[in-house]
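Subject: Structure handover

Hi,

Here is the structure I promised to pass on. Please have a look at it first, and then read on for my notes.

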Amino acid sequence: FYGNLNDIIDRLRMDPYTRQAYLSVWHPEDQSNNNVRLPCSLGYWFIIRKGRLYCTYHIRSCDIVRHFKNDIYMTSRLVQFIADKLKIGVGNLDMWIGSFHIFKSEIWKIKIKG
């Protein structure tokens, strides 16, 4: 397999100043498969600064009710896993979400202060 998680860890280990540690979840063939839902996660960019591992998580679409908490949790665990392998601390987790949404029928499921 190309571009697996071990490649990312190795790249960060060999060059802690790299800006090229990107784990892609989206693959071009995903676009052409009309019978399957497209992945929402696009990828994860890892960067080490001042002895800490930072991550920017790029996500195409995220449902606040069904998936947001899980996306944060799973990405946080991924960052912790890599940081542990590199024996460094954890920095910030940033998320870029193209469509952060909730269905109108489910607005009652979240608390809105106002």
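Below is what I found, starting with the chain as a whole.

A word on the source: this is a predicted model, with local features needing pLDDT of at least 70 and side-chain atom pairs counting only at pLDDT 80 or more, while totals for chains, interfaces and linings use all residues. Residues are numbered from 1 along each chain as its sequence is written, and side-chain values use heavy atoms, leaving out hydrogens and water.

The chain contains three helices and four strands (DSSP runs numbered from the N terminus: H or I of at least four residues for helices, E of at least two for strands). Along the sequence they come in the order α-β-α-β-β-α-β. Of the 114 residues, 25% are buried (buried is under 20% relative accessible area, exposed over 50%, partly exposed in between, with a 1.4 Å probe and protein chains only). Taking contacts (heavy atoms within 4.5 Å) between residues at least 6 apart in sequence, 54% join residues at least 24 apart.

On charge, there are 17 positive and 10 negative side chains, and the centres of the two sets lie 8 Å apart. Lys and Arg count as positive, Asp and Glu as negative, and His and the chain ends are not counted; each charge is placed at NZ of Lys, CZ of Arg, CG of Asp or CD of Glu.

Now to helix 1, which spans residues 5–14 and has Ile-8, Ile-9 and Leu-12 buried. Viewed down the axis, these buried residues fall within an arc of 95°, so they line one face of helix 1 (the arc is that of the directions from the helix axis to the C-beta atoms). Their cover includes strand 1 (21–24), strand 2 (41–49), strand 3 (52–63) and helix 3 (68–86). Asn-6 and Met-14, on the other side of helix 1, are exposed.

Val-25 is partly exposed, at 29% relative accessible area. Beyond its neighbours within four places in sequence, Val-25 is in contact with Asp-30, Ser-41, Leu-42, Gly-43 and Tyr-44. His-58 is 33 residues from Val-25 along the chain, and their C-alpha atoms are separated by 9.6 Å.

Best wishes
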